[in-house]
Amino acid sequence: MTDERGVTYTHGHHESVLRSHRRRTAGDSAAYLLPHLKPGLAVLDIGCGPGTITADLADLVAPGPVTAVDQVADVLGVARAEIERRGLSNVSFATADAHRLEFADGTFDVVHAHQVLQHVADPVTALREMRRVCAPGGLVAARDADYAGFIWFPQLPGLDLWRDLYERAARANGGEPDAGRRLLSWARQAGFDDVTPSGSMWCYATPSTREWWGGMWADRILHSQIASDLRELGLATTAQLEEISAAWREWAAAPDGWIAIPHGEILCRA
């Protein structure tokens with residue numbers, strides 16, 4: 001999906017992608033922010049995806065309002081269903097471009113973006129917009145993965161190929177897959193002078209989490225937006241994508257399989 005600035009969301013919204021995103025919670029994806037949340041705060045959740053993190057945030061700040069935005073209208077339907085399933089009444093939805101947020105200055109107490117800045121054309125502009133719509137003294141929070149920092153075992157050649165191709169596709173689409181290490185720099189460029197940087201990891205090594213992560217990527221590399229992009233850009237053949245898919249399944253089946261996924265985090269005082 002390409003926005004008006006010519007940026008493509010590298011993952012797309014195939015079922016295999018949403019399968020991954022639906023597993024996310026505020027606890028495993030926004031722990032650095034949670035101590036700062038309390039009932040009554042107004043929150044903007046940028047790039048809400050299927051809405052599982054949004055729902056957790058809404059629980060924590062209720063009766064405060066949460067506005068969930070995404071650039072793709074279709075995925076907002078998935079998020080609405082999650083909010084309805086949870087019985088929450090303090091969440092509203094809108095499509096939005098992170099570079100040009102259609103909200104008045106100082107509207108929100110907290111502006112949150114998870115795995116968003118790695119995909120936008122200009123993350124510094126996006127952070128400036130996040131600061132603009134945040135109330136003075138409020139918090140701008142962002143967390144992004146850093147693909148170059150992924151560590152796994154066994155060290156399968158197909159997974160090295162996967163990371164190389166993913167990073168090339170993400171950059172061809174206008175993004176920065178190694179965003180995690182750059183968040184502090186981007187925040188400083190955006191004019192924040194009160195920034196708390198941190199980092200955290202996802203780690204998958206149990207049979208169930210290996211089956212989920214490896215099986216999800218085995219499907220994504222064949223059927224999601226990145227598969228189409230890699231072929232259309234001439235970066236990979238179908239045979240290479242099948243090799244990567246098989247490698248993910250081999251990794252998932254390995255009893256000593258392990259992966260760690262590092263993330264950068266920033267809490268910026270507006």
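A residue counts as partly exposed when its relative accessible area lies between the buried limit, under 20%, and the exposed limit, over 50%. By that definition S198, at a relative accessible area of 33%, is partly exposed. The structure described here is a predicted model. A search of the whole structure finds 15 aromatic pairs and zero disulfides.

- The C-alpha atoms of S198 and G264 lie 6.1 Å apart, although 66 residues separate the two in sequence.
- Beyond residues up to four places away in sequence, S198 touches Y32, H263, G264 and E265.
- M201 and P262 are 61 residues apart along the chain, with their C-alpha atoms separated by 4.5 Å.
- With neighbours within four places in sequence left aside, M201 is in contact with R143, A260, I261 and P262.

**Aromatic pairs and cluster**

- In one of them, F150 and W162, the ring centres are 5.9 Å apart and the planes meet at 40 degrees, so the pair is tilted.
- This pair links distant parts of the chain, 12 residues apart: F150 sits in the loop between β5 (134-145) and β6 (151-153), whereas W162 sits in helix α6 (residues 157-172).
- Both partners are buried: F150 has a relative accessible area of 5%, and W162 has one of 0%.
- F150 and W162 also belong to one aromatic cluster, formed by Y147, F150, W152, W162, Y166, Y204, W212, W213, W217, W248 and W251.

**Charges over rings**

- R220 lies over the face of W217, at 4.2 Å from the ring centre; W217 is itself a member of the aromatic cluster.
- The charged end of R131 sits over the ring of F192, at 5.0 Å from its centre.

**A buried arginine without a salt bridge**

- R24 is located in the loop between α1 (15-21) and α2 (26-29).
- R24 is buried but has no salt bridge, and the nearest side chain of opposite charge, D28, is 6.5 Å away. The cut-off for a salt bridge is a side-chain nitrogen of Lys or Arg within 4 Å of a carboxyl oxygen of Asp or Glu.
- Not counting residues up to four places away in sequence, R24 touches S29, T52, I53, H114, Q115 and W202.

**Helix α3**

- Helix α3 (residues 52-61) is mostly covered, with eight of its 10 residues buried.

- A disulfide requires two cysteine sulfur atoms within 2.5 Å. The sulfur of C134 is 9.5 Å from the closest cysteine sulfur, in C268, and is therefore too far away for a bond.
- For C268 the closest cysteine sulfur is in turn that of C134, at 9.5 Å, again too far for a bond.
- C134 is buried, at a relative accessible area of 4%, and C268 likewise counts as buried, at 0% relative accessibility.

How values were computed. Residues numbered from 1 in each chain as written. Predicted model: local features only at pLDDT ≥ 70, side-chain atom pairs only at ≥ 80, totals over all residues. Heavy atoms only, no water. Buried < 20%, exposed > 50% of the residue type's maximum accessible area, 1.4 Å probe, protein only. Helix = DSSP H or I, 4+ residues; strand = E, 2+ residues; numbered from the N terminus. Lys, Arg positive; Asp, Glu negative; His and termini not counted. Contact = heavy atoms within 4.5 Å. Phe/Tyr/Trp six-rings, centres within 6.5 Å; stacked < 30°, edge-to-face > 60°. Lys NZ or Arg CZ within 6 Å of the ring centre and 35° of its normal.
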